[in-house]
Amino acid sequence: MTQELDDAIRAALPEAAVLTAPPAPVETGWAADLLQRLYGKQGRLKPLTGERDANFLLEPDDGGARCMLKLSHPDEDPLVADFQTQALLHLARTDPGLPVQRLLPDRDGAASVQIEDAEGRTRVARLFSYLEGTPMPQAPRSAAQRTCVARMLARLDLALAGFEHPAGARELPWDIQRADRVRALLVHVADPARRALAEAALDGFVQRTKPRLALLRRQPIHNDFNLYNLLVEPDEPARVAGILDFGDMVHAPLVDDLAVAASYHIDEQGDALATIARFAAEYHAVSPLTDGETHALLDLVRARLAMVVAISGWRAARQPGNAAYLMRNNAVSWARLQACAALTPNQVQEAIRAACQATERTEPTEPIHD
């Protein structure tokens, strides 16, 4: 990538700088000392992978439950970490049964602590309970699993309703409200047909849906309900056992959360329309959708898929050594984008209505409303 092109992309998508920040690891021994000092815990500490934060798994010497130490990236505003902290505390109050991590207080009872690392950089330290389960990508797919995912997301969104935080208004690259900003990143798509496919998805979003986003319900959303952020029960892979990674939370239209999740469950080789409709109907059975939301869903799904291929391609070009990880969802995202390219918002809305009626025959729910 030329410097001129890199500068142009940064100007078009300034919030993407967080995705290109260099890693800021800490030594395991230093983290162990911090853990003892702040939390009074000792044991075997193992570094875990993470895109921005430094994470460690602790297996306590006393045989207690495993937990995870998280140290925020020094380039990240502490207010962003507090957004996640307060959201988890809110969820513990509003729906204690949700399978999310719980914050373990330090010696003084604090849920998070600002510290300086060995290089003198300010970071936020937090200790979380460790969620057990099988990562969803390692488990078999099924219709029952999709139903559980959709309903669990609806339950999470209901629990987040009413939560407010100043960091929710921050700009971040994965916010569908700003999907059109990734258009500049499509320069990395060499295939003209693929580039046109992604551009058409962004055009539909800009022309039909973006002008109407202000009319839709808004609240804090998880914003990254993908397979890699979900755990399932090892002996019952259709059941969600854990929800991970609240790092992309944002205050946005509620239906954006559904669009993100649905985009990862599209049957790229089958009936994309039916898959989207059934997923939305299962969400609706727990948290009823409005007509405006069901009409916007297709454009939001397609915009999310365009964002995945645009951002992953751009990041891979900048970080070739990490390209395999960054591009892990790229091929299937192109296939899913193609699978729903010919659909229209009206088609999807009608299919959702029909799927909701079918769902209502087995479990009562409220009708779609304005």
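**Figure 1. Helices α3 and α4 cross in this predicted model.** The axes of helix α3 (residues 78-94) and α4 (143-160) come within 9 Å and cross at roughly 100°; axes are lines fitted to C-alpha atoms, for helices over the stretch in contact, with angles from 0 to 180 degrees between N-to-C directions. Helices (H or I, at least four residues) and strands (E, at least two) are DSSP runs numbered from the N terminus. The two helices are therefore roughly perpendicular, a term for angles of 65 to 115 degrees. Ala87, His90, Leu91 and Thr94 in α3 meet Leu156, Ala159 and Leu160 in α4, where contact means heavy atoms within 4.5 Å. By class, this contact has 5 nonpolar, 2 polar and no charged residues (nonpolar: Ala, Val, Leu, Ile, Met, Phe, Trp, Tyr, Cys and Pro; charged: Asp, Glu, Lys and Arg; polar: the others, Gly among them).

Residues are numbered from 1 along each chain as its sequence is written, and side-chain values use heavy atoms, without hydrogens and water. Because the model is predicted, local features need pLDDT of at least 70 and side-chain atom pairs count only at pLDDT 80 or more, whereas totals for chains, interfaces and linings use all residues.

**Figure 2. Helix α6 (residues 254-263) is largely enclosed by the rest of the structure.** In this helix, 10 of the 10 residues are buried, that is, under 20% relative accessible area with a 1.4 Å probe, protein chains only. Among them are Leu254, Asp256, Ala259 and Ser263. The cover over these residues includes α4, β8 (218-221), β11 (250-253), α7 (272-286), α8 and α10 (330-339).

**Figure 3. Ile176 belongs to the largest nonpolar core.** A nonpolar core is a set of buried Ala, Val, Leu, Ile, Met, Phe, Trp, Tyr and Cys residues joined through side-chain atoms within 4.5 Å. The largest has 88 residues, and Leu91, Ile176, Phe225 and Leu297 have the most contacts inside it. Helix α8 (residues 291-318) supplies the largest share of this core, 14 residues. Beyond residues up to four places away in sequence, Ile176 touches Phe205, Asp256, Ala259, Val260, Leu300, Ala303, Arg304 and Met307.

**Figure 4. Gln177 lies in the loop between α4 and α5 (192-209).** At 12% relative accessibility, Gln177 counts as buried. Its side chain forms a polar contact of 2.9 Å with that of Asp175; such a contact is a pair of N or O atoms within 3.5 Å, and within protein one must be able to donate a hydrogen and the other to accept it, while residues adjacent in sequence count only if both atoms are side-chain atoms. A polar atom of the Gln177 side chain also lies 3.4 Å from the backbone oxygen of His251.

Note on methods. Buried < 20%, exposed > 50% of the residue type's maximum accessible area, 1.4 Å probe, protein only. Parallel < 35°, antiparallel > 145°, perpendicular 65-115°, else oblique.
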